[in-house]
Amino acid sequence: MEQLPIVRPGERVVARSDGKGGLILGVEKIQGREFAASAELSGYVLDARLLLDVLGSLKAPGSWFQVWCKLMALQNANRVDDKDRAVPRGFVKTNQRDLQARCNLSAASVNEASQFFAHIGWMRTAKRGTLQLNPWLTVAGTSGEQEKWQKLWNSAEGPACIIPHPDYPTEWRQEREAEKKAAEAARRKEKVVTLRQRRPVRKASA
């Protein structure tokens with residue numbers, strides 16, 4: 001996937017149709033506090049309008065929203081507690097078991113939500129027990145900090161961000177189910193070689 005562009009002070013990401021059903025991301029100069037736009041949505045991420053607009057349109061399980069909200073809450077961007085922070089600003093220290101307890105959800109629900117948000121490029125695993133939420137969507141830092149977090153995301157080859165349409169969660173689930181069925185069918189077609197049992201050797205009678 002192509003890397004997301006670096007957004008410097010006074011610039012914004014814009015998305016335009018490529019004429020083939022996809023989007024082309026670009027950077028242009030702006031005035032005021034604005035942010036990336038998709039074909040249908042626009043807004044400035046630091047006040048969460050774009051993000052909440054997208055989330056409010058998604059036809060997704062409630063457990064997914066729980067997981068995402070907990071992740072956002074764990075991403076404390078205040079400088080007051082820098083000395084006590086377990087991970088750098090812009091990152092989240094958590095794991096599947098921790099999210100299960102915080103959300104009171106099953107392992108399967110947390111795992112599915114995590115896989116979906118990673119798939120659409122809203123988060124990535126920085127290292128074991130540490131996540132980075134997409135800085136274009138979540139972190140309210142200074143322009144310098146934003147640029148730093150964006151570079152970290154790009155240098156780690158973080159997934160390209162998708163602004164999903166309302167039915168995308170259902171489509172994603174259906175695709176995963178089809179892949180599982182195909183893998184299971186392929187496994188069943190594998191030739192099974194039955195080993196012949198060796199007959200016990202009879203001792204010659206005296």
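## Helix 2 against helix 3

In this predicted model, helix 2 and helix 3 pack with their axes 10 Å apart and at an angle of about 105°. Angles of 65 to 115 degrees count as roughly perpendicular, and helix 2 and helix 3 are therefore roughly perpendicular to each other. On the side of helix 2, the residues that meet helix 3 are Gln66, Val67, Lys70, Leu71 and Leu74, and their partners in helix 3 are Asp98, Leu99, Arg102 and Cys103. Sorted by class, the contact of helix 2 with helix 3 has 5 nonpolar, 1 polar and 3 charged residues.

## Helix 2 against helix 4

Helix 2 also packs with helix 4, here at an angle of about 70° and with the axes 9 Å apart. That angle makes helix 2 roughly perpendicular to helix 4. From helix 2, Ser63, Trp64, Val67 and Trp68 take part, and they meet Ser109, Val110, Glu112, Ala113, Ser114, Phe116 and Phe117 in helix 4. The residues of the contact of helix 2 with helix 4 divide into 7 nonpolar, 3 polar and 1 charged.

## The nonpolar core

Which residues touch the most other members of the largest nonpolar core? This core has 25 residues, and those that touch the most other members are Trp64, Val67, Trp68, Leu71, Phe116, Phe117 and Trp122. Two or more core residues come from each of helix 1 (49–57), helix 2 (62–74), helix 3 (96–103), helix 4 (107–119), strand 5 (130–133) and helix 6 (168–189). In soluble globular proteins, nonpolar side chains tend to be buried together.

With a relative accessibility of 0%, Phe116 counts as buried, because buried means under 20% relative accessible area. Leaving aside neighbours within four places in sequence, Phe116 is in contact with Trp64, Tyr168, Pro169 and Trp172.

## Aromatic pairs

The count of aromatic pairs comes to 8. One of them joins Trp64 and Trp172, whose arrangement is edge-to-face, at 5.8 Å centre to centre and with 80° between the planes. This pair links distant parts of the chain, with Trp64 in helix 2 and Trp172 in helix 6, 108 residues apart. Both residues, Trp64 and Trp172, are buried, and for Trp172 the relative accessible area is 6%.

Trp172 also pairs with Phe116: the ring centres lie 5.2 Å apart and the planes stand at 70°, so this pair is edge-to-face. Again distant parts of the chain are linked, since Phe116 belongs to helix 4 and Trp172 to helix 6, 56 residues apart. Ring pairs link Trp64, Trp68, Phe116, Phe117, Trp122, Tyr168 and Trp172 into a cluster.

## A residue in a loop

Is Asn104 buried or exposed? Asn104, which lies in the loop between helix 3 and helix 4, has a relative accessibility of 69% and therefore counts as exposed. The backbone of Asn104 has a phi near 55°, which is a positive value in a residue other than glycine.

## The whole chain

Looking at the chain as a whole, there are 6 helices and 5 strands, and along the sequence they follow the pattern β-β-α-α-β-α-α-β-β-α-α. The protein chain has 206 residues, of which 35% count as buried. Among the contacts in the protein chain with a separation of 6 or more, 55% are between residues 24 or more positions apart.

How values were computed
Residues are numbered from 1 along each chain as its sequence is written. Side-chain values use heavy atoms; hydrogens and water are left out. A nonpolar core is a set of buried Ala, Val, Leu, Ile, Met, Phe, Trp, Tyr and Cys residues joined through side-chain atoms within 4.5 Å. Buried means under 20% relative accessible area, exposed over 50%, partly exposed in between (1.4 Å probe, protein chains only). Helices (H or I, at least four residues) and strands (E, at least two) are DSSP runs, numbered from the N terminus. Contact means heavy atoms within 4.5 Å. Rings of Phe, Tyr and Trp (its six-membered ring) pair if their centres lie within 6.5 Å; planes under 30 degrees apart count as stacked, over 60 as edge-to-face and the rest as tilted. Axes are lines fitted to C-alpha atoms, for helices over the stretch in contact, and angles run from 0 to 180 degrees between N-to-C directions. Angles under 35 degrees count as roughly parallel, over 145 as roughly antiparallel, 65 to 115 as roughly perpendicular and the rest as oblique. Ala, Val, Leu, Ile, Met, Phe, Trp, Tyr, Cys and Pro count as nonpolar, Asp, Glu, Lys and Arg as charged, and the others, Gly among them, as polar.
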